[in-house]
Amino acid sequence: MMKNWKKWADRLLTLAFGVCVLVVVWVLVQVTSFTSFRVPSHSMYPTLMPGDYILVNKWVMGARIFDIWEAVEDKEVPIHRLPGLRKVKRDDVLVFHYPYPHRNDSISMDMLLYYVKRCIGLPGDTVEIRKGCYWINGTRKDRRWARMDTGQESWEDECQWNVALGWTVQQLGPLPVPARGQEVAMDTLTGKMYGRLIAWEQKKPLTLRGDSVFLGDSLIGNYRFQENYYFMAGDNLDNSKDSRYWGLVPEPYIVGVATRVWKSVSPQGGEVRWNRTMKKIE
């Protein structure tokens, strides 16, 4: 009887150890390699549809290391990124934390709110929208997702660029997207374009007093950016709240590159959409 008890105890210990190893491996894979998200809306239609489960590759940019528990409590945390395979490319589809969850005039990372959008503007690019069409570095983007219906209501009152600069989602820019190490002269225009970014980097308010720009109590004439930023947009431009509305995305907030739809389930009937299974995201 005692021998049987020991045998079952050994088996349970072996099973428990195996489960622990699997959990550790699963967590490591989630943190450093791949993770999955469900698409809830039509903002990336037709590339992505509600009910798509997308695979996000963290190897491309490199996985992020930070204190998750502190971040969940809405505390500002230092974020370190492991070496990646390559830099983000223009037109990559990215998953990122929404940067403006509490106030539209300040940046913070919402750990529980993820967006998926296409990268329209890279650090160092100049983004412009003319009559509903995207122009990047002076060249018009002719891809299907780079044009919007100019007859549709433009939601100027919701565009964060509107009050300060008079831009709308159909007439925006030119907006130079900041790159790490890039230095800009600070004046009324750049203060309005980059005030939230600089305040987030320096943890001090940026204010305009006439033609002068103050960071905290200090008058500044130039500013060198510490992070890369990205202009993100949904493929369904007429039904996507993106950088046109709320601004640029800091690089530390990017989770990774969406590469495939590994599963797709219709939100209405619950049936699996096999034609979308393992579909490459382009």
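Helices (H or I, at least four residues) and strands (E, at least two) are DSSP runs, numbered from the N terminus.

## Basis and overall composition

This is a predicted model, in which local features need pLDDT of at least 70 and side-chain atom pairs count only at pLDDT 80 or more, while totals for chains, interfaces and linings use all residues. Residues are numbered from 1 along each chain as its sequence is written, and side-chain values use heavy atoms, with hydrogens and water left out.

The protein has five helices and 19 strands. Of its 282 residues, 44% are buried (under 20% relative accessible area; exposed is over 50% and partly exposed lies in between, with a 1.4 Å probe and protein chains only). Contact means heavy atoms within 4.5 Å. Of the contacts between residues at least 6 apart in sequence, 62% join residues at least 24 apart.

## Strand pairing

Two strands pair if DSSP finds at least two bridges between them. An open sheet of four strands has the order β9-β8-β7-β10, with antiparallel pairing.

Strand β6 (residues 114–121) has six of its eight residues buried, so it is largely enclosed by the rest of the structure. Five bridges connect β6 with β5 (residues 93–97) in antiparallel fashion, and Val95 is opposite Val116 of β6. Strand β6 is also antiparallel to β16 (residues 229–233), through three bridges; Gly121 is partnered there with Phe231 of β16.

A pocket is an open set of points on a 1 Å grid over the protein atoms alone, where a 1.4 Å probe fits, with protein on both sides within 12 Å along at least five of seven lines; lining residues have an atom within 4 Å of a point. The second largest pocket has a volume of about 310 Å³, the volume being the space filled by probe spheres set on the points, which are joined across faces, edges and corners. Its lining has 19 residues, and Gly191, Lys192, Tyr194, Gly195 and Arg196 lie nearest the centre. Elements giving two or more residues to this lining are α3 (162–165), α4 (188–202) and β12 (206–209). Helix α4 gives the largest share, eight residues. By class, the lining has twelve nonpolar, four polar and three charged residues (Ala, Val, Leu, Ile, Met, Phe, Trp, Tyr, Cys and Pro are nonpolar; Asp, Glu, Lys and Arg are charged; the others, Gly among them, are polar).

Glu201 also belongs to α4 and is buried, at 10% relative accessible area. Not counting residues up to four places away in sequence, Glu201 touches Tyr223, Arg224, Phe225, Gln226, Glu227 and Tyr229.

## Backbone geometry

Most residues other than glycine have a negative phi, and most peptide bonds are trans. The bond from Gly173 to Pro174 is cis, with omega near 5°, and Pro174 is in strand β10. The bond from Tyr45 to Pro46 is cis, also with omega near 5°; Pro46 is in the loop between β1 (34–38) and β2 (52–57).

Asp91 has a positive phi of about 85° and is buried at 18% relative accessibility. Met278 has a positive phi near 60° and is partly exposed, at 44%.
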